[in-house]
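Reader: Can you walk me through this model? Keep it quick.

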Amino acid sequence: DSPTWYYDIDEDGYGSTFIIALECEAPLGYVSSNTDCDDTKPTVYPGATEYCNNLDNDCNGDIDDNAVDAFYWYADLDRDDFGDATDSIYQCDQPFSYILDANDCDDGDSDIHPDAEELCNGRDDNCDGAVDNDTIDFLVYYLDADEDGFGDPNTEIEDCELPSGYVIDNTDCNDTDALIHPDAEEDCDGVDQNCSGMNFYEQDLNSDGELACETSRWVRNNFANNTSPYSASSESADLLLSMGITISEAYHAHTSINQALLENTGLYIHHGRNSNGAIGAYTNAEANAIRTWVYDGGRMLYIGYDSSHGACEIADSLPSQFGVSCDPNYIGWSGSSTSFAAHSITSGLTEIGGNGGDNWVVSAPAETLVSVNGNPFVVVSEYGDGKVVIVSNQWPYLNSGSGYRINFADNQVLVGNIWQWLLD
């Protein structure tokens, strides 16, 4: 009646049926269990901890099942290298289409995963739990507190959609005043309405109490000239004075046209009539000063010789950048015109007249608005921020037989329009 004992070769407490003993007491090295499935390995026995080692450690008939060092593998159906936490397998070896990562928030779209770049598309591209946050294609919007359509460059927000009270523009220089923005009309008031910066035109650089845009300087080649306010009133000057512009007179022979003179002047008028034979051409330094001044916003009117003069001494000393030169081959001409190019200077005109003058050659950026007998009579040019008007002779400002009055056809309207356009 002795029990059967089983030799435990690997000494793990479990024996096999290979070697047995029939004794009343267990011989040394024998045990009562014969359930060891591999008695040559001390880590293999019933109830042993299962490991990923290609062995049936716990003798349950399965290899590496529920091993303590196995992995959770997560389905990566969209092949973006990020798995679905809700679809997992626990085992030692990696199954097909499964990976160790479990951070994909949409395993049906390979463009959505934690390493994706967030886009403005109404989706959580990078799986951080937020939609359209920190996107790479966001737009920068700027606060438009004064609702003028232009934003404050110092107050911005990044967003995929335009927030209320914001605009895409950032060029407002004063977001508390709806009348100040880049498209605003500039007034002569010392305020930068159009955000272009305060140049000389709206400053009082000589501290005389007047802004440059409130001041005109009327320079003559001839000491006495009745188109200007010299020693008597003229209608052309009265029209200018009525617009609130002061007039300072000068004789070119006694006055150097330089930066200091021009930067305190908004409107520069030069009458080239030269009946006393004085040389009136600009020096290179004067021409450069005028060019720079116009480019920075200055406004210039040049009135050419009358019918008895055709020399180009001052006309050809004008800056070439204005697009006007003079033909020295003088051909006498005079008459009137009823044909005008569309421009605010020609607004309201039906007929204007002239009595000869310089023969202009016009090229860009200059434009001929009125020709008389085929000769350019009224020419405009916009150079930089400034404006230039050239009239071939003095007749529109001083009609024959009327002294200082302007009485031919619409010449007075023409003069008023010229002032208005230059000062606008």
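Predicted model: local features only at pLDDT ≥ 70, side-chain atom pairs only at ≥ 80, totals over all residues.

**Charges, strands and one buried glycine**

Author: D128, D134, E156 and E158 form a negative surface patch. A patch takes residues with over 30% relative accessible area and no salt bridge, joining like charges within 9 Å and nonpolar side chains (Val, Leu, Ile, Met, Phe, Trp, Tyr) within 5 Å. Asp and Glu count as negative, Lys and Arg as positive; His and the chain ends are not counted. A charge is placed at NZ of Lys, CZ of Arg, CG of Asp or CD of Glu. Accessible areas come from the Shrake-Rupley method with a 1.4 Å probe, and for residues only the protein chains shown count as cover.

Reader: How many salt bridges in the whole structure?

Author: Four. A salt bridge is a side-chain nitrogen of Lys or Arg within 4 Å of a carboxyl oxygen of Asp or Glu. One of them joins D109 and R123, at 2.9 Å from N to O. Both residues lie in the loop between β6 and β7, so the pair ties together parts that are 14 residues apart in sequence.

Reader: What else does R123 meet?

Author: D125, at 3.6 Å from N to O. D125 counts as buried because its relative accessibility is 2%. R123 is at 31%, so R123 counts as partly exposed.

Reader: And which residue pairs with E249?

Author: R220, with 3.1 Å from N to O. That pair links distant parts of the chain: E249 is in strand β11 (residues 246–251) and R220 in strand β10 (residues 215–220), 29 residues apart. R220 is buried because its relative accessibility is 3%. E249, at 34%, counts as partly exposed.

Reader: Switching to sheets. What is the order of the open three-stranded one?

Author: β5-β4-β6, with antiparallel pairing. β5 (84–91) and β6 are at the edges with a single partner strand each, so one side of each has no neighbour in the sheet. Strands pair if DSSP finds at least two bridges between them. Between β4 (residues 71–75) and β5 there are five bridges. Y72 has Y90 in β5 as its bridge partner.

Reader: Which strands does β1 pair with?

Author: β1 (residues 4–7) pairs antiparallel with β2 (residues 20–22) over three bridges. Here T4 partners L22. β1 also pairs antiparallel with β3 (residues 30–31), over two bridges. There Y7 stands opposite Y30.

Reader: Last one. Where is G357?

Author: In the loop between β16 (352–354) and β17 (360–362). G357 counts as buried because its relative accessibility is 0%. Its C-alpha is 8.3 Å from that of Q394, 37 residues away along the chain.

Methods. Residues numbered from 1 in each chain as written. Heavy atoms only, no water. Helix = DSSP H or I, 4+ residues; strand = E, 2+ residues; numbered from the N terminus. Buried < 20%, exposed > 50% of the residue type's maximum accessible area, 1.4 Å probe, protein only.
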